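Look at the model below before reading on.

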Amino acid sequence: MPCLFEYVLSKGKTPLMIKATNIRKKYGTLAVLKGVDLHIKKGEVVSIVGASGAGKTTLLQILGTLDVQSNKHDSNLLINDVEVTALSDKDLAKFRNEHIGFIFQFHQLLPEFTALENVCIPAFIKKTPKAETEKRAKELLDFLGLSQRYDHKPNALSGGEQQRVAVARALINNPSIIFADEPSGNLDSESADNLHKLFFELRDQFGQTFVIVTHNEYLADMADRKLTMVDGQIEKNNLVSDSQEASSS
Ligand SMILES: Nc1ncnc2c1ncn2[C@@H]1O[C@H](COP(=O)(O)OP(=O)(O)OP(=O)(O)O)[C@@H](O)[C@H]1O
Ligand SMILES: [Mg+2]
């Protein structure tokens, strides 16, 4: 049976989470992104696939505001209706901390901190009080099946457990959108399956939007929409027409 989000998405009136227009990126003379247009709706799970070097990570980093397009003057990037390229560095850092979560292929946990502390860090940066932060971090770790692992440091956790801690860290500030770059690239197939199911559970329970770059065909096909990057552009036949409808309504 389709879940509530699939039903709402299918109606095509959902507001947009991301509206990117004409995103270009050059490194010297090398054009990596060649005018990407992309609409992603709130609550949508979108996968991005494509050959190595096609520009997937570059696009994800720009959409996630960790990098900037080369053509700020003739492009747009609206996240949650905010034109992020117009924000000062300080406001952008605040926006990123409050609205965006990241999950990377290599979890990038801080080795000297425990699982619980790693999860808390983005909330402490946001200046959320300690007691409230720890309560939420424990709820997330419990939800992710890590109740017995609060005090373990990353090197005392399995790869799948580390990745789930990284997921909890991405969720601690309750971001509206989560960007994941090869999130299961380093996991055995069972841990990868569990992580993928988790993304959909999170979307169904908390309404978060996911943009997932992956080489995992199974995960890519589970998404509401699969986009293929070819040579710095998104293949046109993958653009969903009702996204345009959402933007014009
Ligand atoms: N900082 C950089 N300087 C110069 N070239 C870069 C830089 N970052 C990426 N590139 C080049 O841009 C192209 C796209 O890289 P990107 O990392 O986006 O690819 P990808 O689609 O994520 O590939 P993969 O599937 O291997 O992760 C590649 O040819 C890469 O060599
Ligand atoms: Mg990549």
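A residue is called buried if 20 or more other C-beta atoms lie within 10 Å of its own, exposed if 12 or fewer do, and partly exposed in between, with C-beta atoms placed from the backbone. Helices (H or I, at least four residues) and strands (E, at least two) are DSSP runs, numbered from the N terminus. This is a predicted model, in which local features need pLDDT of at least 70 and side-chain atom pairs count only at pLDDT 80 or more, while totals for chains, interfaces and linings use all residues. Residues are numbered from 1 along each chain as its sequence is written, and chains are lettered from A and ligands numbered from 1 in the order in which they are written.

With these terms the whole protein can be described. The protein has nine helices and ten strands. Of its 249 residues, 41% are buried. Two residues are in contact if their C-beta atoms, placed from the backbone, lie within 7 Å. Among contacts between residues at least 6 apart in sequence, 73% join residues at least 24 apart.

Start with helix α7, which covers residues 189-206. Its 18 residues reach 25 Å from the first C-alpha to the last, close to the 26 Å expected at 1.5 Å a residue. The expected span is 1.5 Å times one less than the number of residues in the helix. Which residues of α7 are buried? They are A192, L195, H196, F199, L202 and R203. After α7 comes G207, which has a positive phi, near 75 degrees.

Helix α2 (56-63) is mostly covered, with six of its eight residues buried. The buried ones are K56, T58, L59, L60, I62 and L63. They pack against β1 (16-27), β2, β3 (45-50), β7 (177-181), β8 (209-213) and β9 (225-230). Q61 also lies in α2. Because Q61 has 16 other C-beta atoms within 10 Å, it is partly exposed. Leaving out residues up to four places away in sequence, Q61 touches L66 and D67. Q61 and F102 are 41 residues apart in sequence, and their C-alpha atoms are 9.7 Å apart in space.

The residue that follows α2 is T65, in the loop between α2 and β4 (76-79). Phi of T65 is near 65 degrees, a positive value in a residue other than glycine. T65 is partly exposed because 19 other C-beta atoms lie within 10 Å. K127, in the loop between α4 and α5 (130-143), is not a glycine either, and its phi is positive, about 70 degrees. K127 has 8 other C-beta atoms within 10 Å and is therefore exposed.

A residue is near a molecule if its C-beta atom, placed from the backbone, lies within 6 Å of it. Which residues are around ligand 1? They are Y27, L30, V32, G50, S52, G53, A54, G55, K56, T57 and T58. By class, the shell has four nonpolar, six polar and one charged residues. Here Ala, Val, Leu, Ile, Met, Phe, Trp, Tyr, Cys and Pro count as nonpolar, Asp, Glu, Lys and Arg as charged, and the others, Gly among them, as polar.

The last topic is the interior. In soluble globular proteins, nonpolar side chains tend to be buried together. A nonpolar core is a set of buried Ala, Val, Leu, Ile, Met, Phe, Trp, Tyr and Cys residues joined through C-beta atoms within 7 Å. The largest such core here has 61 residues, and those with the most contacts inside it are V119, L141, A168, F179 and V211. Helix α6 (residues 159-171) gives the largest share of this core, six residues. Apart from neighbours within four places in sequence, V119 is in contact with A137, L140, L141, V165, A168, R169 and I172.
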